[in-house]
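Reader: I would like to learn to read this model feature by feature. Please take me through it.

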Amino acid sequence: MPKLGRNDPCWCGSGIKFKKCHAGREDNVRPTLNEILTVSRSVMDRHQCFHPDAPHSCSGKVVKAHTVQRARLKRIARHGQVYHYLAPQQYIVRNDNQVLEELCGIGKASTITGFCAHHDKELFAPIEDSPIRITREHACLLAYRAIVRETYAKMAMLDSLDQYRSFDRGWPIEQQQSWQNMIHEQVALQKLGLGDYENSLERYKRALTSCDYSNINVYAVELDKAPDAMCCGAIAPALSFDDQVLQDFTDSSIFLDMVTLTVVANEQGGLALFTWLDDDAGASEAFMRSFHRLPLEEKPHAVLRFMFEQIENIYISPKWWDGLQDRTRAFMRKRMGSSNGDVRMTISDDGLRIIDWKTVSLSTTLI
């Protein structure tokens with residue numbers, strides 16, 4: 001590294017003068033565990049209403065809105081609690097980078113401060129105040145909630161990375177450089193991902209504001225019982241259920257195709273609902289056709305694999321989870337760790353059969 005004057009821009013790219021940034025940082029006190037945890041918690045508490053009309057028609061404060069309804073989580077809770085997984089950045093500081101489930105009260109589980117009180121009630125009334133129906137409108141609302149959650153999480157991750165820049169205090173200069181390089185790389189990746197979600201968010205907004213749901217595609221699997229794991233999330237599918245590559249993640253000039261998945265209990269038993277847009281008909285439709293080709297009895301197992309492999313926002317029945325064998329829980333944690341940045345595992349059939357959900361019926365817009 002070239003020798004810098006105190007008033008020169010810092011080598012880390014912060015834009016701050018060297019004397020106010022990394023000068024002498026190796027002699028500073030290292031950040032405490034509590035400081036790191038405080039940052040991890042605070043960034044997931046951003047307050048922003050994501051309603052299509054926000055902020056113009058907002059009313060009331062931004063509330064903790066459930067992405068998986070509390071009443072549905074209650075169906076699998078034990079003493080009012082379900083298992084969940086931490087935000088990815090918290091694994092490093094809480095569990096030595098190991099993915100571990102933690103109990104969480106259903107009043108807090110799945111919540112984001114992503115809607116004002118008025119809009120949370122108004123927008124989602126059709127799926128909150130009445131049973132979820134397999135219609136394009138209800139699928140659009142569930143998908144919008146999933147896309148908002150992922151956009152919120154990406155924004156929180158970028159906020160945390162910005163604050164983590166200073167966490168190389170007390171490290172040797174070589175380690176400081178490695179840390180700053182890692183932060184720069186992660187910021188670039190997270191910004192690309194955020195762009196994909198924001199692009200999808202805008203398209204779902206147009207459907208909601210126009211009440212035109214004709215470009216919403218649906219694949220619904222109705223289950224005979226409340227699923228032991230529930231989720232609400234969205235991803236850009238990389239591989240199909242038969243391990244075919246679906247889209248090029250190295251091309252930053254294009255937006256990736258998105259698929260959302262909501263798995264919840266309903267009045268009849270359970271529901272796994274995939275949603276995607278006409279504009280995403282390439283990779284997303286290929287992904288769903290690979291799912292469609294699976295035998296009827298295999299679809300619930302494929303849904304579970306996909307949830308643990310790809311979705312972060314997942315909530316688990318303590319009774320079911322604690323009843324699994326130790327080696328099975330370890331394998332599923334490995335899948336969950338993959339969804340948080342480790343080497344991806346396949347979502348093709350792994351032979352594991354740990355649920356007894358049965359498919360009651362299928363409904364889809366696939367032709």
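Author: Strand 5 (residues 216–223) and strand 8 (residues 270–277) run antiparallel and are joined by 8 bridges. This is a predicted model: local features need pLDDT of at least 70, side-chain atom pairs count only at pLDDT 80 or more, and totals for chains, interfaces and linings use all residues. Numbering starts from 1 along each chain as its sequence is written, and side-chain values use heavy atoms, with hydrogens and water left out.

Reader: What counts as a strand, and what counts as a pair?

Author: Strands (E, at least two residues) and helices (H or I, at least four) are DSSP runs, numbered from the N terminus. Two strands pair if DSSP finds at least two bridges between them. Here, Val218 stands opposite Thr275 in strand 8.

Reader: Is Thr275 buried or exposed?

Author: Buried means under 20% relative accessible area, exposed means over 50%, and partly exposed lies in between (1.4 Å probe, protein chains only). Thr275 has a relative accessible area of 1%, so it is buried.

Reader: Which residues does Thr275 touch?

Author: Contact means heavy atoms within 4.5 Å. Leaving out residues up to four places away in sequence, Thr275 touches Ala139, Ala143, Tyr204, Ile216, Asn217, Met258, Val259 and Thr260.

Reader: In what order do the strands of the sheet lie?

Author: The order is 3-2-9-6-7-8-5-10, in an open sheet of 8 strands with antiparallel pairing. Strand 3 (101–105) and strand 10 (359–364) are the edges, each pairing on one side only. From one strand to the next, the twist averages 20°.

Reader: Which strands does helix 6 lie across?

Author: Axes are lines fitted to C-alpha atoms, for helices over the stretch in contact, and angles run from 0 to 180 degrees between N-to-C directions. Helix 6 (residues 173–210) lies across strand 5, strand 6 (229–235), strand 7 (259–265) and strand 8, at about 100° to strand 8. Helix 7 also packs on the sheet. Helix 7 touches strand 5, strand 7 and strand 8, and its direction makes about 150° with that of strand 8.

Reader: At what angle do helix 7 and helix 8 pack?

Author: About 140°, with the axes of helix 7 (residues 283–292) and helix 8 (residues 299–310) 10 Å apart. Angles under 35 degrees count as roughly parallel, over 145 as roughly antiparallel, 65 to 115 as roughly perpendicular and the rest as oblique. Helix 7 and helix 8 are therefore oblique to each other. Phe287, Phe291 and His292 of helix 7 meet Lys299, Ala302, Val303 and Phe306 of helix 8.

Reader: Now the backbone. Which values deserve a second look?

Author: Most residues other than glycine have a negative phi, and most peptide bonds are trans. The bond from Ala54 to Pro55 is cis, with omega near 0°. Pro55 lies in the loop between helix 1 (33–43) and strand 1. Cys211 has a positive phi, near 60°. Cys211 is in the loop between helix 6 and strand 5, and counts as exposed at 56% relative accessibility. Asp243, not a glycine, has a positive phi of about 70°. The loop between strand 6 and strand 7 holds Asp243, which is partly exposed at 35%.
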